[in-house]
Amino acid sequence: MRLATGAIIPLPTEQLLPVGAEPFVLTQASRIFATDAVASVSTYLANILRTPTGFPLPIITPLEAGPIEEGTDGGHDIVLHLDLDDVAGVGAEGYTLETSFSGVRITAATPAGLFYGVQSLRQLFPAEVEQRSVRSVAWETVATSIVDRPRFRYRGAMLDVARHFFNADVVCGFLDDLALFKINTLHLHLTDDQGWRIAIESRPELTAVGGATEVDGGAGGFYTREDFARIVEHAAARFVTIVPEIDIPGHTNAALSAIPDLNPGGLAAPPYTGTEVGFSTLDTISDATWAFLEDVVREVAEQTPGPWLHFGGDESHATNADDYREFVSRASRLVASHGKVPIAWHEAGISTDLAPGTIGQYWSYRVPQTDTAERTLSFVEQGGSLILSPADVAYLDMAYDESSPIGLSWADGSTSVQESYEWEPTEILPGQASSAVIGIEGPLWTETVRSRADIDYLVFPRLLALAEIAWSAPPSESSLRTWTDFSRRLDAFGPRFQALGITPGSPNSVDEA
Ligand code: TNX
């Protein structure tokens, strides 16, 4: 295996590695210089570095807020410099990072930019930096100079907590790992046929009954208001926005089993713990349905500081087609009336009367099947933008190959790491739609996923491929945005996964012969 010194995933926009330059060395005497304005980032960095190094790493706050003078950095210090004027022109999430024998300096126009600079710095240290106990290694980084900014502003992962439930601790641990790859949104699929996972105080039956089931008949579970607040806060501290999804009008058996009134006959639906899709639907015109949705959307919006609320809309095969069209229009307006930008799966684009700005999430293949491109374009025509999750390359729940013990294969067969890496978001939909793409998302549906180890198996390393598509500049003649270079960097990442306690599903096997 070739050692990829200074290798970072996702690939930075520009990186110089001066040959023969002396490394930066972190020592017992090292300090972190940062103003109070970026305290969240400096304490995060200190926490990351103090544990494995055992160094005190005091955070030094200049008495006066404002730029830290050149020269403050001693040979072993780290400076986090907030440059509100953005002299480097790296934008809202970009940063510059310099490491050398005379110190480390990260500069950004926002705390988020500094946070991403910290993630790159983290990857420059030896893999042991990810250990959660003291290690004695040389805490050096190669000397390098980086200018970096993201390609897309929406860089997402999705976790389905409805098919199998994952508690707040698991979600927070997952968020810790997402941050390392500069992912900035986590979409939580909170409701489905098999479970309702978020407490709605005005409708306690939803979680009391609907929260007690999951695929295969396990115990299920749900997030209390406190749990959900903890997830949102943990995410925010890592510059990740939580996107809650309440999937309607299909995928609603858990709600229908919890609230008898939602059913046309007034009789609760039996609970469901299988893995079929497309059999359940809300009664789209009943007053009980809309009173219920008003309560749910209001309470979910209240618990969500982020701008988005996803209302699903996928696979509503049991809903009458005309009713569906009207339903998604009204649902999008309900979400907007609670101050959130609605997001829906691409099916909802069948309506030409969505709330202005409703975002479409595309989940057909790289080559759009049936009328999916049309439906997706419809969001753009209605002033909305797009998130792309092409199932044949971006679905994290697909098996890697026939030998994977878990994972599905309906999306044009299994999906190798290389397939997840080699696709171009702007080449899926016709022109107008491609310029409306705000980013990509890798969904992990959890019909076959039962534990944190299962999550890790399917998500890693494929998520790193998606992170690179989301963050890094598209491939060009001279760039290292190639499968060959990516797989080399992925190889070098192995010890880091190990130190993080992650067992990735597909050991990247590239012959360096
Ligand atoms: C399709 S993709 C679904 C989910 C399943 C997934 C399994 C989409 C919007 N809906 O309900 O869990 O396939 O891969």
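I'll start with the ligand. By class, the shell around the ligand holds 6 nonpolar residues, no polar ones and 4 charged ones. Keep in mind throughout that this is a predicted model.

Which residues surround the ligand? They are Val277, Asp314, Glu315, Trp345, Trp363, Tyr395, Asp397, Leu408, Trp445 and Glu447. You can find each of them in the structure above.

Now the chain as a whole. Its secondary structure comes to 15 helices and 19 strands. The radius of gyration is 23 Å, close to the 24 Å that the globule rule gives for 513 residues, so the chain is as compact as a globular protein of that length. Along the principal axes, the C-alpha atoms fill a box of roughly 75 × 50 × 45 Å. Of the 513 residues, 52% count as buried. Then there are the contacts with a separation of 6 or more: residues 24 or more positions apart account for 74% of them.

Next, the domains. The domain assignment gives domain 1 as 14–148 and domain 2 as 154–475. Their centres, taken over C-alpha atoms, are separated by 36 Å. How many residues does each domain put into the contact? Domain 1 gives 7 residues and domain 2 gives 5 residues. On the side of domain 1 that touches domain 2, helix H1 (39–53) and helix H2 (111–124) each supply at least two residues. H2 gives the most to that side, with 5 residues. By class, this side of domain 1 has 4 nonpolar, 2 polar and 1 charged residues.

Last, a sheet. A reminder for those new to this: strands of a sheet pair through backbone hydrogen bonds, either parallel or antiparallel. Here 7 strands form an open sheet, and the pairing is mixed. The order is E1-E9-E6-E7-E5-E3-E4. Why is one side of E1 and of E4 left without a neighbour in the sheet? Strand E1 (14–16) and strand E4 (59–60) stand at the edges, and each has a single partner strand, so one side of each has no neighbour there.

Within the sheet, look at one pair. Strand E6, residues 95–100, and strand E7, residues 103–108, pair in the antiparallel sense over 5 bridges. Leu97 stands opposite Ile106 in E7. If you want to trace the pairing by eye, those two residues are a place to begin.

That is what I have for today.

Technical notes. Residues are numbered from 1 along each chain as its sequence is written. This is a predicted model: local features need pLDDT of at least 70, side-chain atom pairs count only at pLDDT 80 or more; totals for chains, interfaces and linings use all residues. Two strands pair if DSSP finds at least two bridges between them. Helices (H or I, at least four residues) and strands (E, at least two) are DSSP runs, numbered from the N terminus. A residue is near a molecule or strand if its C-beta atom, placed from the backbone, lies within 6 Å of it. Ala, Val, Leu, Ile, Met, Phe, Trp, Tyr, Cys and Pro count as nonpolar, Asp, Glu, Lys and Arg as charged, and the others, Gly among them, as polar. Domain bounds come from an automatic or database domain assignment. Two residues are in contact if their C-beta atoms, placed from the backbone, lie within 7 Å. The radius of gyration is taken over C-alpha atoms; the globule rule is 2.2 Å times the number of residues to the power 0.38. A residue is buried if 20 or more other C-beta atoms lie within 10 Å of its own, exposed if 12 or fewer, and partly exposed in between; C-beta atoms are placed from the backbone.
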